[in-house]
Amino acid sequence: MSAPIFFLQSMDGMGMDGGMNMGRDLPLVAPEIAVLLTAVGTLVFEMVRLPRVALPFTVVGLLVATSLTIPLVGTETTVFMDTFRVDALGVWAKLILLPATALCAVLAYPEVKDTDREGTVYALFSFTAIGTLALAGAGDVMFLVLGVLLSSLGSFALVAYPRDDRATEAAMKYLVFGSVTSAAMIFGLTFWFGASGSTLLSELGGVGEMPLAATAGLVAVLVGLGYKASVAPFHFWAPDAYDGGPLAVAAFLSVVPKVGAILALAQVVRFLPESTGWPLAIAALAALSMTYGNFAALVQENVVRLLAYSSIAQSGYFLLGVAAFGGSELAVSSLVVFAAAYAAMNIGAFTIVAVAGRDLRDFAGVGRSAPVLGAAMVVFLVSLVGIPPVAGFFGKFLLFGAAIEGGFVWLAVVAILNSVLSLGVYLRVIVPMYRATKPRATPVSVPAIGAVWMIALFLTVAIGVAAQALIGNIV
Amino acid sequence: MTIIFGFLAGMMLVSALGVVLSRNVVHSALFMSGSFLAVVGFFVMLSAPALAAFQLLIYVGAVSVVILFGIMFTQSPQVRSFSTIVNKQVWAGLAVALGVGGFLSYILATEDWGATEAGQGTRDVAAFGEYLLGVGPDSEIFAMLFQLVAILLFVAVIAAIVISRRKDTDIESASDVRDVGE
């Protein structure tokens with residue numbers, strides 16, 4: 001028996017696909033390679049003392065990687081012997097998250113320019129994005145582990161970047177919490193490995209015969225990916241990390257690793273037998289996350305923390321699509337559309353906070369002193385609630401449809417009640433904006449930030465308008 | 001085999017206790033790498049060289065280094081050691097540890113693991129090395145994973161550099177020193 005170690009079953013399965021080789025696989029991961037080259041190139045520009053070039057290089061590199069992804073739309077295959085999936089979830093994750101990463105890098109520019117190691121920040125954005133893409137296309141539990149670790153390591157450093165006490169404390173909380181949850185995840189995953197004899201997700205069907213081991217593995221995955229997606233009750237790090245680090249990092253953490261982890265969870269449950277009880281477990285987490293996130297957001301005085309709790313609630317909505325994965329045709333397209341909408345509206349909302357200020361009182365009168373900016377914030381928040389015709393509505397509409405089709409009518413009802421509750425949360429920001437008080441200072445966007453929220457605004461509206469066309473193209 | 005297992009298990013338990021009982025955070029971190037090393041030994045004994053290699057590279061290597069960097073650059077020396085390890089969370093911590101340990105042991109004891117074929121493969125390290133690089137026929141299974149591990153280690157180094165760099169306010173005063181240094 002010369003075939004090494006423990007992937008014996010999968011090796012046998014490989015024969016069906018015929019000649020698997022590097023020549024076929026590498027073009028299919030070209031976007032990931034482009035992101036990696038972007039990250040390394042950015043570091044090189046930093047090294048040769050050209051930090052001015054680092055940001056344009058990062059943005060162009062990420063957009064090139066995005067355009068390399070476009071020909072892959074519609075592909076349904078696996079590469080590197082089933083370990084990595086190039087499918088609707090993985091491909092759309094690239095199309096959504098890479099431009100989102102580029103927007104966050106631009107958003108970071110005013111905060112980090114002329115600091116030491118400015119280029120490293122942009123490189124860390126790209127590296128973290130690679131970890132996230134590894135999660136979204138995971139076909140093997142090792143990708144889950146490496147994806148979580150890779151995106152966490154980059155994120156710790158990004159949160160800690162300002163090096164003041166608040167950022168350091170936030171990063172340490174994040175580091176400790178992340179280390180414990182990912183260690184728990186790895187340990188629990190060994191039970192799946194023991195039960196199925198393979199680390200491949202596509203072999204997970206075998207764990208059904210060992211219900212206890214399957215449960216241990218499921219709990220482990222929910223802890224590890226739930227932490228990455230800041231799903232309640234694994235969310236404790238999120239408000240501190242968002243508020244402690246630069247705002248661009250908060251926008252990034254609330255979108256890119258979160259969407260990656262949610263999609264990774266979908267990749268896992270695609271193969272997991274329903275006898276493990278995953279649909280109910282995920283539905284319960286969804287209900288808890290939505291309800292807790294919205295109630296906690298209701299009492300925040302700091303807009304960053306408010307958005308942090310609101311993003312915990314949004315994770316709950318995402319989980320609707322994951323819970324319905326076994327029983328609904330809509331699940332994949334609902335996850336993709338909501339991910340696109342969420343990326344645009346959440347980055348937009350954080351960008352406005354970067355202009356107006358972190359305190360709720362900073363928003364008083366903003367709608368009168370800066371009408372366009374105020375209107376943009378209203379659009380982002382209305383989209384986060386899910387009111388038509390903007391992007392968030394179509395995303396949520398599909399998620400609710402998927403949940404109902406998957407047999408989770410009660411969950412859809414909880415989600416709708418939560419949407420009403422979330423209106424109360426976002427009105428706490430909107431109402432003071434149009435109250436006739438004298439604003440503290442008229443918020444002015446520097447050009448880079450202005451471009452970011454205008455692009456986010458355009459996308460939030462455009463995704464809403466184009467949602468119908470988008471749905472047709474996903475599956 | 002039993003002797004080796006006993007040694008590794010003892011090393012793991014002693015290191016784990018060291019992590020919890022040590023009053024010095026740096027010592028705790030070093031004990032933790034000892035415990036990680038014992039896990040590497042287990043994986044080697046179980047004929048799982050891939051897990052052993054990843055455990056060694058990522059945990060003993062990257063994670064320990066980042067945690068040590070994190071400790072060294074976020075705390076001033078005087079608060080690095082604590083006078084006591086007992087605080088008001090000790091009972092809660094003990095309960096959680098015993099609960100998790102008990103649950104996992106129960107699963108281990110009750111499930112029938114005999115049917116699983118995992119780890120029955122070769123112990124040939126040379127062949128495994130080729131698989132890691134994806135050079136043999138039908139051997140790309142680890143190729144992308146191995147590259148990801150490489151990126152992970154690289155990012156760990158960058159993260160350590162970013163966390164441990166001088167504060168920006170210190171830079172002006174030290175800029176000429178830095179120029180000479182680089």
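This is a predicted model: local features need pLDDT of at least 70, side-chain atom pairs count only at pLDDT 80 or more; totals for chains, interfaces and linings use all residues.
Residues are numbered from 1 along each chain as its sequence is written, chains are lettered from A and ligands numbered from 1 in the order in which they are written, and side-chain values use heavy atoms, with hydrogens and water left out.

With a relative accessible area of 0%, Ser334(A) is buried (under 20% relative accessible area, with a 1.4 Å probe and protein chains only). Once neighbours within four places in sequence are set aside, Ser334(A) is in contact with Gly321(A), Gly395(A), Leu398(A), Leu399(A) and Ala402(A), where contact means heavy atoms within 4.5 Å.

## The two domains

Chain A is divided into domain 1 (1-276) and domain 2 (277-475), with bounds that come from an automatic or database domain assignment. The C-alpha centres of domain 1 and domain 2 of chain A lie 23 Å apart, and the contact takes 46 residues from domain 1 and 44 residues from domain 2.

Between them the two domains of chain A bury about 3900 Å², 79% of it on carbon and sulfur atoms; buried area is the accessible area (1.4 Å probe) that two parts lose on being put together, summed over both. Of the area that domain 1 buries against domain 2, 16% is supplied by Trp92(A), Leu103(A) and Leu247(A), more than by any other three residues.

## Helix pair H3 and H4

The axes of helix H3 (residues 30-47) and helix H4 (residues 51-69) of chain A come within 8 Å and cross at roughly 175 degrees; axes are lines fitted to C-alpha atoms, for helices over the stretch in contact, and angles run from 0 to 180 degrees between N-to-C directions. H3(A) is therefore roughly antiparallel to H4(A), a term for angles over 145 degrees.

Among the residues making this contact are Gly41(A) and Phe45(A) of H3(A) and Phe57(A) and Gly61(A) of H4(A).

## Helix pair H7 and H11

Helix H7 (residues 141-160) and helix H11 (residues 247-269) of chain A pack at an angle of about 175 degrees, with their axes 11 Å apart, and are therefore roughly antiparallel to each other. Here Leu144(A), Ser155(A), Leu158(A) and Val159(A) in H7(A) meet Val249(A), Phe252(A), Leu253(A), Ala264(A) and Val268(A) in H11(A).

Technical notes:
Helices (H or I, at least four residues) and strands (E, at least two) are DSSP runs, numbered from the N terminus. Angles under 35 degrees count as roughly parallel, over 145 as roughly antiparallel, 65 to 115 as roughly perpendicular and the rest as oblique. Buried means under 20% relative accessible area, exposed over 50%, partly exposed in between (1.4 Å probe, protein chains only).
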